[in-house]
Amino acid sequence: MNFSFPQFPRIIRSAGSPYETGVQTGRQLGPDFAVYIDQYLSTGPYLRPHFNRQRHQEISMAIFASYPDRFRQELEGLAQGAGIPLKKVTEWVTAETCMSAACSGFLLHDGEKTWIGRNNDLWSPHLWGYVRHRAVSHKIPVTTFGLAGDVFSATGMNQAGLWLHYNYLKAPDQNDDSSLTQPCYLQQPCYLQLVDMLESCESYEDVFSFLQSYPRPDGMMLFMSDSGRQKQGIFECTCHDMVYRPLPRERGRCFLVGTNHYTQAPYENSTHPDRADSLSRYRRLDTLLRDFSTGKQTASFNTLRTVLADEGIEKRQSDYGTVYANLYCPETGEAWYTFGGYPAASCGRWREVVMER
């Protein structure tokens, strides 16, 4: 079913303290934000066969309480500004803690410029396609992509020239037992950590240090571009470790691909039966990008958009698929995004996004 919230701005701007940025965002969305949240939960997480709705409702406030103050304050402001219960907001932002997702991405250097491509695959496909420009006091201003009002995100860039996005990985060291200092679901989720990194990191070195300092509740394939230092690569993260794959720009034309399996020893798991779909998308991306790395194809927004829209890469199920797509060139600052439309890479409303200064 195609739900529409035309009263919501596709781009939301906010600035000030964490609480103030939340209030400003909530006011722009209004009370209909509660309806939007209900549509998202009922058409997405609640339909997943392994989603325990009762447990999620019981632990959502505990998860919220485990967040850093800065994010709790923004979420409280979001609920206040929209005039809706905080409990509803916490059930919305914690739903993905209990689920996994499938995504595809690449880094490509054509000898002159670098391009980053990403398909984000998830549920509730007609509720995505929003941008937040956020300048929290004493933090680096950031631009993130995703749902309306998203405090957290799996894709974003900051004013320091850092781009980050991640795909889900099934971590080999994931553990929900009491052997960890706290339950897995109370650790800071990857989508929170990504925004935290964007607000606090200016370089590859900063990201590396952050990943070493904080454990994760699950795996993460983190695509990174540090435009100031002309450095791009992929961190393949477990809950407590990581392996880095640099984009070898010094060799001229080159590319890296990432989907939802580990490619590097000692964690490589592409032959695992439940990684078959991930491996298929990985191989298709690898095949398509080889023409760019050999010079047979010229890299541009139009040519790379067709790569993301390829039927072997884009997901197109009625209730689950590529809900948004991005293309970004760090050298020029050219950033493209799908403001709605599904499946996003092939049928999305692509527009260029400007990082605000």
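Is His138 buried or exposed? His138 is exposed, because its relative accessible area is 87%; exposed means over 50%, buried under 20% and partly exposed in between, using a 1.4 Å probe and protein chains only. Before going further, please keep in mind that this is a predicted model, where local features need pLDDT of at least 70, side-chain atom pairs count only at pLDDT 80 or more, and totals for chains, interfaces and linings use all residues. Residues are numbered from 1 along each chain as its sequence is written, and side-chain values use heavy atoms, with hydrogens and water left out.

**Backbone features in loops**

Most residues other than glycine have a negative phi, and most peptide bonds are trans. Here are some exceptions to look up in the model.

| Feature | Value |
|---|---|
| Ser124, positive phi | about 45 degrees |
| His138, positive phi | near 70 degrees |
| Ala265 to Pro266, cis peptide bond | omega about 5 degrees |
| Tyr342 to Pro343, cis peptide bond | omega near -10 degrees |

Ser124 sits in the loop between strand E3 (114-123) and strand E4 (128-136); helices (H or I, at least four residues) and strands (E, at least two) are DSSP runs, numbered from the N terminus. Ser124 counts as buried because its relative accessibility is 3%. His138 belongs to the loop between E4 and strand E5 (142-147).

Turning to the prolines, Pro343 is placed in the loop between strand E13 (334-338) and helix H10 (344-347). Pro266 lies in the loop between E11 and H8.

**Asn260**

The loop between strand E11 (254-258) and helix H8 (276-293) also holds Asn260. With 3% relative accessibility, Asn260 counts as buried. Apart from neighbours within four places in sequence, Asn260 has contacts (heavy atoms within 4.5 Å) that include Ala101, Ala102 and Cys103, then Asn167, Tyr168 and Leu169, and also Arg275, Ser278 and Arg281.

**Helices H6 and H7**

The axes of helix H6 (residues 190-200) and helix H7 (residues 204-213) come within 10 Å and cross at roughly 140 degrees. Axes here are lines fitted to C-alpha atoms, for helices over the stretch in contact, and angles run from 0 to 180 degrees between N-to-C directions. H6 and H7 are therefore oblique to each other, since angles under 35 degrees count as roughly parallel, over 145 as roughly antiparallel, 65 to 115 as roughly perpendicular and the rest as oblique. On the H6 side, the contact is made by Gln193, Asp196, Met197 and Ser200, and H7 brings Val207, Phe210 and Leu211.
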